[in-house]
Amino acid sequence: MSKIDKVKEDKEILNKYRNLLRACSDKTNKEDKKIIRKAFNLSVDAHKEMRRKSGEPYIYHPIAVAHISAKEIGLGATSIVCALLHDVVEDTDYEIEDIKRLFGPKVSKIIEGLTKISDVFDQDISLQAENFRKMLLTLSDDVRVILIKLADRLHNMRTLDSMPTHKKLKISSETLYLYAPLAHRLGLYPIKTELEDLGLKHTKPNEYRNISQKLKETKEERNKYIRKFIRPIKSVLKAREFAFEIKGRPKSIYSIRKKMDNQRIDYDHVFDKFAIRIIIDTPLEREKSDCWRVYSFVTDFYKPNPDRLRDWISTPKSNGYESLHTTVMGPDGKWVEVQIRTRRMDDIAEKGYAAHWKYKNQNPKESSLDNWIGKIRELLENPESNAIDFIDDFKLNLFSSEIFIFTPNGDLKTLPKKATALDFAFEIHSDVGAHCLGAKVNGKLVPLSYELTSGDQVEIITSIKQKPKKDWLRFVVTARAKSKIKSSLKEEKKEIAKTGKEIAERKLRHLKVKLDRKTETELIKFFNTHTSLDLYYNFGTGYIINSQIKEFVKAKNAGWYETIKQKIYSRSKSIYKESRVKKIIVFGEEEEVLQYKLANCCNPIDGDSIFGFTTVEDGIKIHKEDCPNSIQLRSNFSYRILKATWVDKEQIDFIATINIKGIDRLGLINSVTKIISSQMNVNMRAISINSNDGVFEGEITLFVHNVAVLNSLTKKLKNVDGVTKINRTYKHI
Ligand code: MN
C-alpha cells in the first residue's frame, strides 16, 4: 500500500464537503448549513480511525451518500444530516441517545431506522428478509429512511471494485433482487438503471463488457442518426414557440441484455438501443393537450406503430410515472421510441418520491404512490404473513407491470399483470373477495381464475354462502388476496376442529373413554398430529376413522402410552412412529410434491427445520435450516431457495379424476353431484358430462384428502341407480 498522505486527504475531505454544500445550496438556508456542518464534524471525528476496503478514509462514504441524497434524489437538509451520520451509531462508539441529544428526535428516529435495517450480509435469508420487512415498515414512519438506504446502496455498488469476488456477487445479487426493484417502485429511474447496470457488471462481467464496448463503438453513428431524426421536430417546435429540450438517450446495458435474453437475439438485432425524449415547459392545465400536440407533430414526420402507444398521462403508473410513449418509423426504416413529457413529469421520473412530494400540493389528483405505500403498510401490519412469504409477495408486486381495470361505475383500479377476477374482488373489499362466486368481464360470465387484461370492466358476483377455498391460492397473484385467503382458511380449520372435538368426545364416550387432557396427549402422539388443532381437524374431516379409534382405545387400555413414553421423548424415532407414519417433504406454499435428495453436508431428518435448494445438475437438495452452507446458499442464490416442509404422506391432498359411465336417466347428474357435495370437505374442481343416445359419460375432477375418502366416495357413487362403471385416477398436488 502506498504511504498515506494525511494533509492531502484532509484537503480532499474538505473538497468533497464543499461539493456537497453546492449540491444542496438551492434547498438549504443558513440554519440548515449550520446543522449540516455539525453533522459533518461529528461524522469526521467518529470515523477518523476508519478506512474503507479501498484504503480511502471512511468519511468519503457518508459524504458521498449525502451527496447522492441531495443531488440525485433531491432530499433536503434533514436527510443530508442523516446521511452524514448514517453509519455512526452502527460502527462507532456513539449511541442513538447522543444523536437525539445533539440533533433532535426527528434525525435520531431516521438514524435508528437506518441502523435497524443495516446490512446483515453475513446472516441468512430469513434474517435478511426480516430486515427488508423492517425497512419497508419504516415507510410508515418516514420514507426518507428508505431513500437514504438506497443512496447508501448505490454508493456501495459504485465502489464495489475493491471487494473480494464472493462479496461482490453477494452484494450485487441482493441489489438486483431487492434494491433495484425497490428504486423502480419508488420511481427513481436513474438510480434503478444504475443499480441494474452495476449489478450486471459484477455478476456477468463478460456480457457487461461486450455490450458496453459495442455501445461505445457505435456511439458516433448513433449520435448522427439522432441528430438527423430530431432536426425536423426541433424546427416545428421552435416555429410553434414551445420551450423544450430534446435528448437522445442510449438504453441501459442491463435492459439491452434483457432484450437479447428474452428474445434470444444478438446485440445487432436489438432495434431500440436508444430513445428520444422531448421535454416541454408548459403550465399544469395545458400539460395533457400540449403533450398530445407534440405527439401529433412527431407523427406528422414519422409513422407511429399503433401497438406501441403508451399513454401514462391520462393514467399514470402507480409509482407516479407520467409520460407519453410512442414508437415511430424513423429514417432508414428504423423503429425509434419517442417519450413526450413535461418538465414536471420529467422531474418526477428522475427523482421519484422527493419530487413527487414537491409537486403534490400543486396537483390535486389522488396520489397512487401514497396508495401503494398504504397497501404495503396494510400488508406489513398483517401478523399472519411471515417475512419470506412477504418478500415473495412483495417482489411479485414489484416486478410485474400493471394493468388497469374498471369497476361497473367506471372507477379505476390498478392491479399487477396476471391478476385474476378474484384478485380484483379482493381489491374492492376483502368481504367481496371472500364471498366471490364469479365475475362478469365486459358483460361476459367468467370463472374466478380468469386472467384480466388492461381495460377490462369487471363486475363481481357474490353469494353469502361462498367462502374462501384452498384452491384459490393457485390463481390469485396479489399479496392482499393471498393473505386474506390464508387467514380465512385458518379460521375454517379452527371451525372444523371445533366440531371434530365434539365428534371425538362422542365416539370415545361410546368406547367408555373420557376425553380429558391425558387422553388428548395420547391421541396426539398416537395419530402423530403435533397439535390438538390438527388432531381435531382430522376428526372433523373424517380422516380418522372408527376402526382407528378402536385401535387407539385398545392400545390405551393395554397401557401403550406408559410403555413408550420414554421413547417418545428421546429424539430417536420410536418403532411405533416408524411403522405408522411416513413423512415426506413438500415444497412451497402449495405444498407441491417434487423429487428431492437429502444433502450430504447436514443430513436432515424428520422434524428438522429445512429448506430446498435447486442445484444446477442434481435437482432439489434438502438442507437443514442451520446447515453450515446455508448462509452462503441463501445470500448468493436466494432465488433458488424453496420453502420445504415435512408432512405425513397420507395427509397430502390429491387431485382425483373419476370417470363415470352409465345409463342416462332423469335426475342422474343431480344424484351424483349431491353425493359429492354432501361428502364433507371434498371439493369439486371440474365436471363435464356427455349424454349420447341414452348413454351417459362423465368426468369429475376432485380434491380429496386421502385415498380412504376417495374409496368411500366411489363406493357411494357405484350405488347410484344407473351408474354402471367407475374408473379413477389420482395424483399428488
Ligand atoms: Mn453505509
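Which residue forms a salt bridge with Glu245, and how far apart are the closest N and O atoms? The views below begin with that pair. This is a predicted model, in which local features need pLDDT of at least 70 and side-chain atom pairs count only at pLDDT 80 or more, while totals for chains, interfaces and linings use all residues. Residues are numbered from 1 along each chain as its sequence is written, and side-chain values use heavy atoms, with hydrogens and water left out.

**View 1. Glu245 and Arg343 form a salt bridge.** The partner of Glu245 is Arg343, and their closest N and O atoms are 2.9 Å apart. A salt bridge here is a side-chain nitrogen of Lys or Arg within 4 Å of a carboxyl oxygen of Asp or Glu. Glu245 sits in strand E1 (residues 243-250) and Arg343 in helix H16 (residues 343-351), so this contact ties together parts that are 98 residues apart in sequence. Helices (H or I, at least four residues) and strands (E, at least two) are DSSP runs, numbered from the N terminus. Glu245 is partly exposed at a relative accessible area of 28%, and Arg343 is partly exposed at 30%. For these words, buried means under 20% relative accessible area, exposed means over 50%, and partly exposed is in between (1.4 Å probe, protein chains only).

View 2. A search of the whole structure finds 29 salt bridges. Lys48 counts as exposed at 51% relative accessibility, whereas Asp45 is partly exposed at 37%.

**View 3. Glu522 and Lys556 join helices H23 and H25.** The closest N and O atoms of the Glu522 and Lys556 salt bridge are 3.3 Å apart. This pair links distant parts of the chain, with Glu522 in helix H23 and Lys556 in helix H25, 34 residues apart. Is Glu522 buried or exposed? Glu522 counts as buried, at 1% relative accessibility. Lys556 also counts as buried, at 19%.

**View 4. Phe526 and Phe552 make an edge-to-face pair.** The ring centres of Phe526 and Phe552 are 5.3 Å apart and the planes stand at 75°, so the pair is edge-to-face. Rings of Phe, Tyr and Trp (its six-membered ring) pair if their centres lie within 6.5 Å; planes under 30 degrees apart count as stacked, over 60 as edge-to-face and the rest as tilted. Phe526 belongs to helix H23 (residues 517-527) and Phe552 to helix H25 (residues 546-557), and these two residues are 26 apart. Both Phe526 and Phe552 are buried. Together with Phe527 and Phe539, they form one aromatic cluster. The buried residues of H23 include Thr519, Leu523 and Ile524 as well. After H23 comes Asn528, with a positive phi near 50°.

**View 5. Trp292 and Tyr295 pair within helix H15.** A search of the whole structure finds 12 aromatic pairs. In the pair of Trp292 and Tyr295, the ring centres are 5.2 Å apart and the planes are at 70°, so the arrangement is edge-to-face. These residues are 3 apart in helix H15 (residues 287-301), which means they are separated by about one helical turn. An α-helix has 3.6 residues a turn, so residues three or four places apart point the same way. Trp292 counts as partly exposed at 27% relative accessibility, while Tyr295 counts as buried at 16%.

View 6. Most residues other than glycine have a negative phi. Glu241 lies in the loop between helix H13 (219-239) and E1, and it is exposed at a relative accessible area of 72%. Arg264 counts as exposed, at 76% relative accessibility.
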